[in-house]
Amino acid sequence: MSYSPFSPIKRHSPRVTVIGAGKVGSTLAQRIAEKNLADVVLLDVVEGMPRGLALDLMEARGIELHNRRIIGTTDYADTSASDIVVITAGFPRKPGMTRDDLLLTNAKIVVEAANKAMTYSPDAIYIIVTNPLDVMTYLAWQATGLPGDRIMGMAGVLDSARFETFIAMELGVCCLDVKAMVLGGHGDLMVPLPRYATVNGIPITELLDAATIERLVERTRNGGAEIVELMQTGGAFYTPASSTCVMVESILLNQSRLLPIAAYLRGEYGLNDIFIGVPSRLGCSGIEEVVELKLSDVERDALHASAQEVRKNIARAQEIFAAVSR
Ligand code: TXD
């Protein structure tokens, strides 16, 4: 029998479950652990794979200088008492495929994952990442009965990061100085807001002409597809994982950061009963506040057009669901 003078480490660490140990999920697990934010449970349907990834991440701890536990599993019982559950399970777009083509396949996966996770972590805050994002978030909210402030979708942080990158590249400035906000659904009708984009406080409308801004807006709207076309297999995952990690961090550290996230609306921006990207403050209780910006008529119309698209897809998903379960 081996001898050890040490008793096992006992601690109450925050715990984040990441469902779907694919590109986004495994990169997110790495970010969370290496930023020393929480222990991570990485769950997938594929036997062995999440355990392998978790072991690989654990073996890097001495080098990356953290002591977070990463558990890989296919069993929801291992996810119990999580503070946050992130759902990335599903399939990404293939070249030429729209986000909405993924609708039915991913809807079944996300609803099942959310329901199973709820049995073990009924008090957690849920972040949905799977596409089509706004629709998946609505369906998961509906299926779980979670209050609107404890379930949200990640897309706006990613779309804003892309807009900021393109602005920084165009102007040749440091990306740390650029702040921008993209609202609306995570689709072709998303609403980048140039009026609220700045380089360290200087509005970009004073730095770039209208045609250039429109080009950057278009590139932002097409940001996901641009990467899918280049990669051919799978889509973006580094920035999606970083963007989700920002939300996880704001919740765990109760930072109340103002972030564009897909939030449940009850009349804000003239929209009701929908999840769509709007600026919200994110803290330990989830969404603390949806912040209503003053929008111009054009911006408001664009947001409503995007909402219309999201609603159409929610209705379509519900129709397909009803037909399948008949
Ligand atoms: O801005 C955003 N919201 C997004 C969304 C940005 C990037 C990626 N976005 C979407 O996230 C993408 O369109 C997909 O719908 C998801 C996951 O993307 P990822 O690139 O990580 O896909 P992978 O690498 O194919 O990983 C998906 C994993 C894979 O390991 C499957 O085995 C697993 O999901 N999977 C499941 N896990 C648990 N439970 C079930 N039922 C399940 N089905 C598949």
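**View 1. A81 in the loop between β3 and β4.** A81 is found in the loop that runs between β3 (70-73) and β4 (84-87); helices (H or I, at least four residues) and strands (E, at least two) are DSSP runs, numbered from the N terminus. The model is predicted: local features need pLDDT of at least 70, side-chain atom pairs count only at pLDDT 80 or more, and totals for chains, interfaces and linings use all residues. Residues are numbered from 1 along each chain as its sequence is written, and side-chain values use heavy atoms, with hydrogens and water left out. A81 is a residue other than glycine with a positive phi, near 60 degrees.

**View 2. The cis peptide bond between N131 and P132.** Omega of this bond is about -5 degrees. P132 lies in the loop between β5 (125-128) and α5 (133-144). Most peptide bonds are trans, and most residues other than glycine have a negative phi.

**View 3. Polar backbone atoms and the ligand.** A polar backbone atom of M154 is 2.8 Å from a nitrogen atom of the ligand. For G90, a polar backbone atom is 3.4 Å from an oxygen atom of the ligand. A backbone N or O atom of G22 lies 3.5 Å from a ligand oxygen atom. The protein buries 88% of the 860 Å² that the ligand exposes when taken alone (Shrake-Rupley method, 1.4 Å probe).

**View 4. The shell around the ligand.** The ligand is surrounded by 27 residues (a heavy atom within 4 Å), and the closest are K23, V24, D44, V129 and M154. Both domain 1 (15-153) and domain 2 (156-316) give residues to this shell, so the ligand lies between them; the bounds come from an automatic or database domain assignment. At least two shell residues each come from α1 (23-34) and α4 (103-120).

Conventions:
A polar contact is a pair of N or O atoms within 3.5 Å; within protein, one must be able to donate a hydrogen and the other to accept it, and residues adjacent in sequence count only if both atoms are side-chain atoms.
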